[in-house]
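Please open the model in your viewer and get ready to select a few charged side chains. We will walk from one pair to the next.

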Amino acid sequence: MSIRSATLQLGISWILRIGVVLSVLFEASGLLLDYLQTGSASLGFSDQSIWRVRGGNFFDFALTTVRSALTGLTSVELVSLGIVTLMLTPYFRIIAAVVYYGVEKDWKYVAITFFVFSVITAALIIF
Amino acid sequence: MIDITTALLVAVFAGFVGSLVGLGGAVIITPVLTFLGLDIKLAIAASMVAIIATSSGSASSYVRDGLSNIRAAFYLEMFTAVGAVIGALITSFISPVYLYFFFAAFLTTSFYGIFGRRNREFSEVKQDGFARWLGLEGTYFDKPSAKNVDYKLTRPAAAGPGMFVAGIAAGMLGIGAGGFKVSIHELVMGMPSKVSTATSNFIIGMTALAGASVYFASGLLYLNLAATLAIGTTIGATTGARVLPRMRNRTVKALFLIVLAVLIVEMLSKGVTLL
């Protein structure tokens with residue numbers, strides 16, 4: 001393994017680790033807070049449930065979550081922050097790869113990783 | 001009604017198995033939660049988020065250890081991501097009934113192909129020009145044999161369309177389609193089993209990200225279930241990622257064949273139910 005590819009591996013590995021730890025911390029805190037407030041560990045599902053995501057694309061959801069979190073953290077906002085962090089982790093790893101190959105002037109892989117980035121971004125916006 | 005502990009235990013098991021054979025775990029989580037009384041659509045939506053957790057949880061170790069081939073992953077993800085988007089777009093117009101039979105046939109072919117290679121620990125691959133141009137090769141430290149293993153990959157041009165089909169399966173059926181991906185890595189590209197598992201785990205997070213976004217708009221995603229499953233698959237996957245490097249390629253293949261057999265039965269039974 002070359003030193004160059006080891007750098008990319010280490011960078012992506014750290015992005016994944018930080019993303020995983022943060023998302024689990026947010027999600028677990030939110031679920032624990034909910035349990036302490038309601039005393040129930042049941043997973044209920046109804047249209048009126050506070051846990052139901054009601055429409056919009058992922059970026060709408062992420063922005064709403066961050067805005068709400070700035071005004072105060074409830075159990076739902078903590079869990080939402082965890083889900084947003086979780087979903088942004090693979091997204092950031094793609095961005096890291098585009099930047100890395102760009103710095104390395106490996107244009108073949110800049111094109112490949114940028115194509116992947118564009119398709120995933122389009123999917124997150126369209127749906 | 002399902003409680004957090006049950007959902008968590010199911011997810012830990014799914015994440016553990018998934019990290020060893022290159023799956024996201026939705027194929028375990030969805031049928032078990034449905035069996036326990038949860039609406040299948042809610043189970044699929046939350047599973048798509050849990051797949052991302054399996055991927056990130058296991059890939060953080062696999063990438064650091066050099067087991068995931070990042071170049072191959074991004075090259076193949078070009079096809080899978082496009083397939084996943086198209087699959088998600090056409091899923092409202094095409095009934096999945098025949099797809100289940102098509103995918104069952106595809107997986108059966110893969111089963112026979114991998115079964116024929118089940119005793120190969122390492123195999124020599126003659127690299128073609130396109131794979132050389134893409135720089136598809138790598139090295140990893142194999143703990144059971146205590147040596148560095150150099151490997152080369154081949155036929156990326158044939159693997160691309162295969163991964164596109166895997167992406168369609170992921171988008172249409174709400175799965176990570178790791179079973180398809182691992183089969184293509186091994187049978188078409190000649191990837192060593194452990195590298196195949198680790199690379200598939202790296203890819204499925206990106207594919208699932210494209211697929212999961214569909215469920216934000218659908219109103220089928222419940223954050224409490226998604227978070228519980230994500231925590232569970234993360235625990236399972238990070239544990240599995242410590243086990244895989246100690247396993248032999250042959251053992252990984254044997255485990256994958258068992259999971260593949262379960263997948264074939266699951267696809268066929270879903271197809272028959274919908275007929």
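Is E266(B) buried or exposed? Select E266(B) in this predicted model: its relative accessible area is 15%, so E266(B) is buried, since buried means under 20%.

The side chains of K270(B) and E266(B) form a salt bridge, with an N to O distance of 3.8 Å. Colour helix α11 of chain B, residues 249-274, and you will find both partners in it, four residues apart, about one turn of the helix. K270(B) is partly exposed, with a relative accessible area of 28%.

Next, move to E137(B) and K152(B). Here too the side chains meet in a salt bridge, at 3.9 Å from N to O. E137(B) sits in strand β1 (residues 137-142) of chain B and K152(B) in strand β2 (residues 147-152) of chain B, so this pair ties together parts that are 15 residues apart in sequence. For E137(B), the relative accessibility is 38%, which counts as partly exposed. K152(B) is also partly exposed, at 42%.

For the last stop, select R64(B) and D65(B). What joins R64(B) to D65(B)? A salt bridge does, and its closest N and O atoms are 3.3 Å apart. R64(B) is partly exposed at 38% relative accessibility, and D65(B) is partly exposed at 32%.

Note on methods:
Residues numbered from 1 in each chain as written. Chains lettered and ligands numbered in written order. Predicted model: local features only at pLDDT ≥ 70, side-chain atom pairs only at ≥ 80, totals over all residues. Heavy atoms only, no water. Salt bridge = Lys/Arg side-chain N within 4 Å of Asp/Glu carboxyl O. Buried < 20%, exposed > 50% of the residue type's maximum accessible area, 1.4 Å probe, protein only. Helix = DSSP H or I, 4+ residues; strand = E, 2+ residues; numbered from the N terminus.
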